[in-house]
Amino acid sequence: MLNVQSISKSYGKKQILNPLSFSIQSGEIVGLVGENGAGKSTLLQILATLIKPTKGIMQLNDLAYEDDKKEIRKQIGFVPQDIAIWEEFTVEENMVFFEKLSWKNKNKQQLKQLCLDMELDKWKEPVYKMSGGMKRKLNLAISLIHNPHVLLLDEPTVGIDLKSRKEIGNYLKNLTTNQNKIIIYTSHDMDEIINLCDQILCIGNDPFYKNILEKAGKHVVTF
Ligand SMILES: Nc1ncnc2c1ncn2[C@@H]1O[C@H](COP(=O)(O)OP(=O)(O)OP(=O)(O)O)[C@@H](O)[C@H]1O
C-alpha cells in the first residue's frame, strides 16, 4: 500500500500543492487529473523521490520515504512527461543500456519481450527514426525493466494513436490485476481515465474534471 499523509510543496512563497492525503492499495490503478499547472507532475516527482515535499509523510508498504529512499527507488518506475531515451541508440541498445543501470538482471529475450508486450516490435530501429508514440512505448518498457511495484506515469499516452492507447491501457490493467502493481497515471483524456482507473485524484478547485468524472459514475477525491 502507498500511503500519503499531508504532503505539500512550496517553492519559496509559491504554494504548489496544498496538503493532500490519500492511500492506494496494491493492484489499483489511479488517475491523477487537474488543469495545467495544478501540480500533477510535481506530485508524481515527489512520489518518485525526485523532489522532496515541503511537508508530509509517505510510506510504501513497510518502507518510509524519509528513511528508505534507496529501497523505495528500487520499487518505483517513473515515466516523465518528456521522453527520456537515447535517440542515437536502437531500441535494443536502449533496453540493454537501461538494464545495466537497473537492479534486476534481465536477458535480451526478456527485454525484447517487454517491448513486444506493448506492441513495440522495432528492436533494431534507431530511436530517432521512430514516431513519438513508439518512443513513449519504449520509455514505458524501460520503466518496467527492474520490475517495480509502483509505476508513476506522467501523460504516457500523449501522441499515441487510439489503437495503441487501448493496447497500452489493457497492458497497464493487466499489470495491476495480475501482478498486483500500483499505477498512478496522469492524463487529460477523460475517456481513458474513466475506462482505466479504479480511483481518481483531482487536484485544484475547478469542478470541471470532477463533474465530468462523477457523471460517468466515478468516485473522485479532490484536493
Ligand atoms: N522548480 C520549480 N520552481 C518553481 N515553480 C515550479 C517548479 N516546478 C514546477 N513549478 C510550478 O509548479 C506548478 C505546477 O507544475 P506541474 O508541472 O506540477 O503542473 P501539472 O499539473 O503537471 O501541469 P501540466 O498539466 O501542464 O503538465 C506550475 O505553476 C509550475 O510553474
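The model is predicted, and local features need pLDDT of at least 70, while side-chain atom pairs count only at pLDDT 80 or more and totals for chains, interfaces and linings use all residues. Residues are numbered from 1 along each chain as its sequence is written, and side-chain values use heavy atoms, with hydrogens and water left out.

**The ligand**

Select the ligand together with the 14 residues that surround it, of which Gly37, Gly39, Lys40, Ser41 and Thr42 are the closest; a residue is near a molecule if one of its heavy atoms lies within 4 Å of it. Next, display the polar contacts, here pairs of N or O atoms within 3.5 Å. A polar side-chain atom of Lys40 lies 2.7 Å from an oxygen atom of the ligand, a backbone N or O atom of Gly37 is 2.8 Å from a ligand oxygen, and a side-chain N or O atom of Lys14 is 3.4 Å from an oxygen atom of the ligand. Of the 640 Å² that the ligand exposes when taken alone, the protein buries 63%, with accessible areas from the Shrake-Rupley method and a 1.4 Å probe.

Colour the shell by element, where helices (H or I, at least four residues) and strands (E, at least two) are DSSP runs numbered from the N terminus. Strand 2 (14–24) and helix 1 (40–47) are the elements that give two or more residues to this shell, and helix 1 supplies the largest share, three residues.

Now select the open sheet of six strands, whose order is 6-7-8-3-9-10 with parallel pairing; two strands pair if DSSP finds at least two bridges between them. Strand 6 (76–79) and strand 10 (220–222) stand at the edges with a single partner strand each, so one side of each has no neighbour in the sheet. Zoom in on strand 6, which four bridges join to the parallel strand 7 (residues 150–154), and find Val79 opposite Leu153 of strand 7.

**Strand 4**

Finally, select Ile57, which lies in strand 4 (residues 55–60). Leaving aside neighbours within four places in sequence, Ile57 is in contact with Asn3, Val4, Gln5 and Ile7. From Ile57 to Val158 the separation is 101 residues in sequence and 31 Å in space, C-alpha to C-alpha.

How values were computed. A polar contact is a pair of N or O atoms within 3.5 Å; within protein, one must be able to donate a hydrogen and the other to accept it, and residues adjacent in sequence count only if both atoms are side-chain atoms. Contact means heavy atoms within 4.5 Å.
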